[in-house]
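Hello,

Here is the structure we talked about passing on. Please look through it with the notes below beside you.

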Amino acid sequence: EREEAEQYLIHRLEKLRQEKIYGVRQVRTWREAATRFLVEFNEQASIALSASHIEQLDPYIGDLPITHIDDGTLAKFIKDRQTPSKTATGKVKPGVSNRTVNIALQRVVRILNLCHRKWRDAERRPWLESVPMIRMLDEKASSRKPYPLSWEEQSVLFAELPAHLQRMALFKVNTGCREQEVCKLRWDWEIYVPELETSVFLIPASFGGRNASSGVKNGEDRLVVLNGVAKSIVDNQRGQSKEWVFPYDSKGMHRMNDSAWKKARVRAGKIWQEKYLRPALPGFVSIRVHDLKHTFGRRLRAAGVTLEDRKALLGHKNGSITSHYSTAELGQLIEAANKASTTDSRGPALTILRRKTG
């Protein structure tokens, strides 16, 4: 309405006058700051994740001035996120981990820092005079520890997986690839190395995974070296799809950690107890897809593979340009990757110390 618009205009002009004449700082709300962050940093690979956390924060602090954001105003958000809740179907949804809460709190700190250090009003004053200390939660207290599989556990678990997941899991535990690197592995990333009579995969740094702009985790091209087991799996996948190495219904898999994986690990836990007459360890019955990467890394270490080669095989950032490996270096990495499969009962013993429960 015209009358309402005129009243708002008078209100805004008065605020601008006070800012200009008396130096009264304009009070910005959290929602205003968060919106500017999403607009300015929309090209970031993690912007979709940031938007999700900001959406969850909005009901708690959206209308608050940025000067009022502190541990006290964030306390209810933290409590609600960690409290179990019921879904529409009546199932109990557990609260999120301290790590998940901290990711949201880190977004809060990031935006408040921008308000203090970068963003300025018309008089070149910062939006926020100082940034409060936001306390992060203790992640070690609630974090799920990595659980590398023993060879016996791998045998029991993989036998319960459906065929397509079994092949992907076996490839993952022999290459150290991340879940999305396996799900979206493409044939046009394969590079044949004639001198070694084998091939490798070079995943581009721009690879998106689930999100088109997410990229490879460390921002570098990811070299995937194939040991004997991984190579045999790849060779058996040829001809199933022109695009995907591990197709499912002619498409790239969205994820490995689906209901089939979760049901398989439950069955594996029961079979373990029947076979060995003792309960399976909690880490085994809740085994994650990412633990296959930890398993590969642990086996490489047990086989005496150097730290530098382990980093290269696991795709960790080590300062080298992976696309520039020489044939001799590739041969060395393939030899190192093959050592992981010799840590079973036919090779050096792999002892994993685990604390017994109960």
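Three strands make up an open sheet, in the order 3-4-5, and their pairing is antiparallel. Strand 3 (190-193) and strand 5 (222-224) are at the edges with a single partner strand each, so one side of each has no neighbour in the sheet. From one strand to the next, the twist averages 30 degrees. Please keep in mind that this is a predicted model.

Strand 3 pairs with strand 4 (residues 198-203) in the antiparallel sense, over four bridges.

**Helix 2 and helix 5**

How do helix 2 and helix 5 lie relative to each other, parallel or perpendicular? The axes of helix 2 (residues 30-40) and helix 5 (residues 98-117) come within 10 Å and cross at roughly 90 degrees. Angles of 65 to 115 degrees count as roughly perpendicular, so helix 2 is roughly perpendicular to helix 5.

On the helix 2 side, the contact is made by Trp30, Ala33, Ala34 and Phe37. On the helix 5 side, these meet Arg107, Val108, Arg110, Ile111, Leu112, Leu114 and Cys115. Sorted by type, the residues of this contact are nine nonpolar, no polar and two charged.

Helix 5 can also be checked for length. At 1.5 Å a residue, its 20 residues should span 28 Å, and the end C-alpha atoms are 28 Å apart, which agrees.

Is Gln154 buried or exposed? Gln154 sits in helix 7 (residues 151-160). Its relative accessible area is 8%, and buried means under 20%, so Gln154 is buried. Leaving out residues up to four places away in sequence, Gln154 touches Leu149, Leu170, Val173 and Arg299.

His294 belongs to helix 13 (residues 291-302). Its relative accessibility is 28%, so His294 counts as partly exposed; that class lies between the limits of 20% and 50%. Which residues does His294 touch, not counting those up to four places away in sequence? They are Pro146 and Pro148. His294 and Pro148 are 146 residues apart in sequence, but from C-alpha to C-alpha they are 5.5 Å apart in space.

Most residues other than glycine have a negative phi. Two residues are worth looking up with that in mind.

Asp249 is not a glycine, yet it has a positive phi of about 55 degrees. Asp249 is in the loop between strand 6 (247-248) and strand 7 (251-252). With a relative accessible area of 62%, Asp249 is exposed, because exposed means over 50%.

Leu277 also has a positive phi, of about 55 degrees, although it is not a glycine. Where is Leu277 placed? Leu277 is in the loop between helix 11 (259-276) and helix 12 (282-285). Its relative accessible area is 75%, so Leu277 is exposed.

Regards

Conventions:
Residues numbered from 1 in each chain as written. Predicted model: local features only at pLDDT ≥ 70, side-chain atom pairs only at ≥ 80, totals over all residues. Heavy atoms only, no water. Helix = DSSP H or I, 4+ residues; strand = E, 2+ residues; numbered from the N terminus. Buried < 20%, exposed > 50% of the residue type's maximum accessible area, 1.4 Å probe, protein only. Contact = heavy atoms within 4.5 Å. Pairing = 2+ DSSP bridges. Axes fitted to C-alpha atoms, helices over the stretch in contact; angles between N-to-C directions. Parallel < 35°, antiparallel > 145°, perpendicular 65-115°, else oblique. Nonpolar A, V, L, I, M, F, W, Y, C, P; charged D, E, K, R; others polar. Expected span 1.5 Å × (residues − 1).
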